[in-house]
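The report below works through a structure one chain at a time, moving from overall dimensions to individual residues.

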Amino acid sequence: MKARITVTLKTGILDPQGKAIEGALRSLAIPGVESVRQGKVFDIELSDAAAASAEQTLKDACEKLLANTVVENYRIELL
Amino acid sequence: MRAAVVLFPGSNREGDAVNALRAAGIEASVVWHGEHGLPAGTDLAVLPGGFSYGDYLRCGAIAARSPIMDAVRGHAARGGLVLGICNGFQILAESGLLPGVLVRNADLRFVCQFQHLRVERADTPFTSCYREAETIEVAIAHGEGNYTADAETLVRIEGDGLVAFRYCDAQGQVKDGRGPNGSTNEIAGIYSPNFRVLGLMPHPENLIDPLVGGTDGLKMFESLAESLASA
C-alpha cells in the first residue's frame, strides 16, 4: 500500500524559504499570493504485511525521524 | 584523558577538532559513526562540524540516528562529557541530548565570519579557563544556526543557567536581534542540566593558533584537559 506524509512548519515558526518563494512569486506578478509556507512530502510504499498497522507504523516514522516535532507538524494520508 | 571524535559521512572539521584537543594535551582519535561503541576509556565524545549526510532531511537528523549515537547517549547518561560543534550541535539537538532545534538563519544567508561571544559561565568543564562574562572572538560558519525552542523550554534553560554562550559585539554587549542568525535570546550554545554536554554553533577549534586569527578557542580545550585531569 502507499501513503503520503506531509511535514509542515508549525504556525509561528519562521519560514525564510517560504518567504523567499513568496517574494519570487510576487516578482513574477502571480496575482493574489498572500503568503507561502514551504513543507516536505514523503511518498512511502509499505509492504502488505505492514499495511494492517500502517497508521501506527507511519506515526512512529514521523515521530522518530521524518518530522522534528519541536518545529514541525505532520499529516499522514493512506492512499 | 581521552577524546573520541566521531566521523559522520559529510563531517569536515574532525581534523580541526583533533588538532585542538591535541594542542591542549588531550589524546584524541577519530571514530566512524557506524561503530556501536566508543573506544574504551573515552572521557569526552566530540561531534565535529560539517554537513553530515549533506544536511538531507534536516541538519543533523540522519546522523542523530546513526549507530554510534546510542553509545554517545549512553556515555552522556553515565555523566560522560560530550561536545557538539556546529553540525555537532545540530546532531545533539536532533538526538534529544539537548533541547530545541537549529533552523535556517533568519536572513537566509550562510554566515562565515569572525564573531564575538559572551561566556555566560566559567564554572563548567568546558569553560573553567575563561572568566565569567568574558568576551571572546571565534569563527562561525553555518546556514542553520538559528536556535529555536518552545517557550517552556526557553524559560527552563534560561532559568537554570544552561546558556553557555551568546552572540555579542566587541564590547560584550548582547543585543537582541542583532546577532548573526536570528537565534532566540542570541543563544550560541547550551548545556545539558548537568553541564556535561555542550552544543555550540561557533568553532572554538579553529581559533587555537595566532597564525590563523587568534587563540580564544584554545581555552575551551584547556578547560576540558583540566577537568579531565582533576576527574
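Chain B contains five helices and 11 strands, and the coordinates discussed here come from a predicted model.

**Overall form of the two chains**

For the 231 residues of chain B, a compact globule would have a radius of gyration near 17 Å, and the value for the chain is 16 Å, which agrees. The C-alpha trace of chain B spans about 45 × 35 × 35 Å along its principal axes. Buried residues account for 55% of the 231 residues in chain B, and of the contacts in chain B with a separation of 6 or more, 76% are between residues 24 or more positions apart.

Chain A has three helices and three strands, which follow the pattern β-α-β-α-α-β when read along the sequence. The radius of gyration of chain A is 16 Å, well over the 12 Å given by the globule rule for 79 residues, so chain A is more spread out than a compact globule. The C-alpha atoms of chain A fill a box of roughly 50 × 25 × 15 Å along the principal axes, and 10% of the 79 residues count as buried. Among the contacts in chain A between residues at least 6 apart in sequence, 66% join residues at least 24 apart.

The predictor's confidence in chain A has a mean pLDDT of 93, with 100% of the residues at 70 or more. Within chain A, confidence is lowest in helix 2 (residues 48–51), where the mean is 85, and highest in strand 2 (residues 39–45), where it is 97.

**Helices checked against their expected span**

Helix 5 of chain B, residues 218–230, has 13 residues that should span 18 Å at 1.5 Å a residue, and its end C-alpha atoms are 18 Å apart, which agrees. In helix 5 of chain B the buried residues are Lys219(B), Met220(B), Phe221(B), Leu224(B), Ala225(B) and Ser227(B). An α-helix has 3.6 residues a turn, so residues three or four places apart point the same way. The partners against which the buried residues of helix 5 pack are helix 1 (14–23), strand 3 (44–47) and strand 4 (81–85) of chain B.

In chain A, helix 1 (residues 16–27) has 12 residues and reaches 16 Å from its first C-alpha to its last, close to the 16 Å expected at 1.5 Å a residue. Just after helix 1 of chain A, Ala29(A) takes a positive phi of about 60 degrees.

In soluble globular proteins, nonpolar side chains tend to be buried together. The largest nonpolar core here has 74 residues, and those with the most contacts inside it are Val5(B), Val6(B), Val46(B) and Leu224(B). Apart from neighbours within four places in sequence, Val5(B) is in contact with Glu14(B), Ala17(B), Val18(B), Ala28(B), Val30(B), Val31(B), Val46(B) and Pro48(B).

Leu200(B) lies in strand 11 (residues 197–200) of chain B and counts as buried because it has 27 C-beta neighbours inside 10 Å, where the cut-off is 20 or more. Setting aside neighbours within four places in sequence, the contacts of Leu200(B) are Ile85(B), Phe89(B), Ala164(B), Phe165(B), Ala188(B) and Gly189(B). The C-alpha atoms of Leu200(B) and Phe165(B) are separated by 7.7 Å, although these residues are 35 residues apart along the chain.

Most residues other than glycine have a negative phi. Tyr53(B) is in the loop between strand 3 and helix 2 (67–77) of chain B, and Leu57(B) lies in the loop between strand 3 and helix 2 of chain B as well. The table sets out their angles and their C-beta surroundings.

| Residue | Phi | Other C-beta atoms within 10 Å | Burial |
|---|---|---|---|
| Tyr53(B) | about 50 degrees | 22 | buried |

**Where the chains meet**

How many residues does the contact take from chain B and from chain A? The contact takes 13 residues from chain B and nine residues from chain A. On the side of chain B that touches chain A, the residues divide into six nonpolar, two polar and five charged.

Note on methods: Residues are numbered from 1 along each chain as its sequence is written. Chains are lettered from A and ligands numbered from 1 in the order in which they are written. This is a predicted model: local features need pLDDT of at least 70, side-chain atom pairs count only at pLDDT 80 or more; totals for chains, interfaces and linings use all residues. Helices (H or I, at least four residues) and strands (E, at least two) are DSSP runs, numbered from the N terminus. The expected span of a helix is 1.5 Å times one less than its number of residues. A residue is buried if 20 or more other C-beta atoms lie within 10 Å of its own, exposed if 12 or fewer, and partly exposed in between; C-beta atoms are placed from the backbone. Two residues are in contact if their C-beta atoms, placed from the backbone, lie within 7 Å. The radius of gyration is taken over C-alpha atoms; the globule rule is 2.2 Å times the number of residues to the power 0.38. A nonpolar core is a set of buried Ala, Val, Leu, Ile, Met, Phe, Trp, Tyr and Cys residues joined through C-beta atoms within 7 Å. Ala, Val, Leu, Ile, Met, Phe, Trp, Tyr, Cys and Pro count as nonpolar, Asp, Glu, Lys and Arg as charged, and the others, Gly among them, as polar. pLDDT is the predictor's confidence in each residue, from 0 to 100.
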